[in-house]
Amino acid sequence: IMASHSASLLNDNCNRAIWLDRGRIEAEGDVKTVLQKYEGVLEQRRIIKLQQAQPILIKEKNKKSSNK
């Protein structure tokens, strides 16, 4: 039994995986398939956070032009 967040470590040393999220089994099977599901969910969560983020407004200082 191995517990890790390292995809490469799991790929190199395991032939089966179980993905747990908050104590619940989300996926079980061959390592590649479970990692693909896990990475897909992480990407979905990242996109949702970006969509919910508030825009940052940057005010530029007024540039005074000198006409001589």
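Start by selecting Leu20: with a relative accessibility of 54%, Leu20 counts as exposed (exposed means over 50% relative accessible area, buried under 20%, and partly exposed in between, with a 1.4 Å probe and protein chains only). Leu20 sits in strand β1, residues 17–21 (strands are DSSP runs of E with at least two residues, helices are runs of H or I with at least four, and both are numbered from the N terminus).

A word on what you have open: this is a predicted model, where local features need pLDDT of at least 70, side-chain atom pairs count only at pLDDT 80 or more, and totals for chains, interfaces and linings use all residues. Residues are numbered from 1 along each chain as its sequence is written, and side-chain values use heavy atoms, with hydrogens and water left out.

Together they make a nonpolar surface patch of about 320 Å². (Patch members have over 30% relative accessible area and no salt bridge; nonpolar side chains, meaning Val, Leu, Ile, Met, Phe, Trp and Tyr, are joined within 5 Å, and like charges within 9 Å. Areas come from the Shrake-Rupley method with a 1.4 Å probe, and for residues only the protein chains shown count as cover.)

Zoom out to the whole chain. Of the 68 residues, 13% are buried.

Next, select helix α2, residues 31–52. Its 22 residues reach 32 Å from the first C-alpha to the last, close to the 32 Å expected at 1.5 Å a residue (the expected span is 1.5 Å times one less than the number of residues). Which residues of α2 are buried? Pick out Val31, Val34 and Leu35. They cover an arc of only 95 degrees around the axis, so they are on the same side of α2 (the arc is taken from the directions from the helix axis to the C-beta atoms). Turn to the other side of α2 and you'll see Lys32, Gln44 and Gln51, which are exposed. The buried residues of α2 pack against α1 (7–13), β1 and β2 (24–29).

For a look at α1, click Ala7, which lies in that helix. Ala7 counts as partly exposed, at 25% relative accessibility. Leaving aside neighbours within four places in sequence, Ala7 is in contact with Leu35 and Glu39 (contact means heavy atoms within 4.5 Å). Ala7 and Glu39 are 32 residues apart along the chain, with 9.6 Å between their C-alpha atoms.

Last stop: the charged pairs. How many salt bridges does the structure hold? There are 4, each with a side-chain nitrogen of Lys or Arg within 4 Å of a carboxyl oxygen of Asp or Glu.

- Glu28 and Arg16: the closest N and O atoms are 3.8 Å apart. This pair links distant parts of the chain, with Glu28 in strand β2 and Arg16 in the loop between α1 and β1, 12 residues apart.
- Arg22 and Asp21: the closest N and O atoms are 3.5 Å apart. Arg22 is exposed at 73% relative accessibility, whereas Asp21 is buried at 14%.
- Glu43 and Arg46: the closest N and O atoms are 2.7 Å apart. Both lie in helix α2, 3 residues apart, about one turn of the helix.
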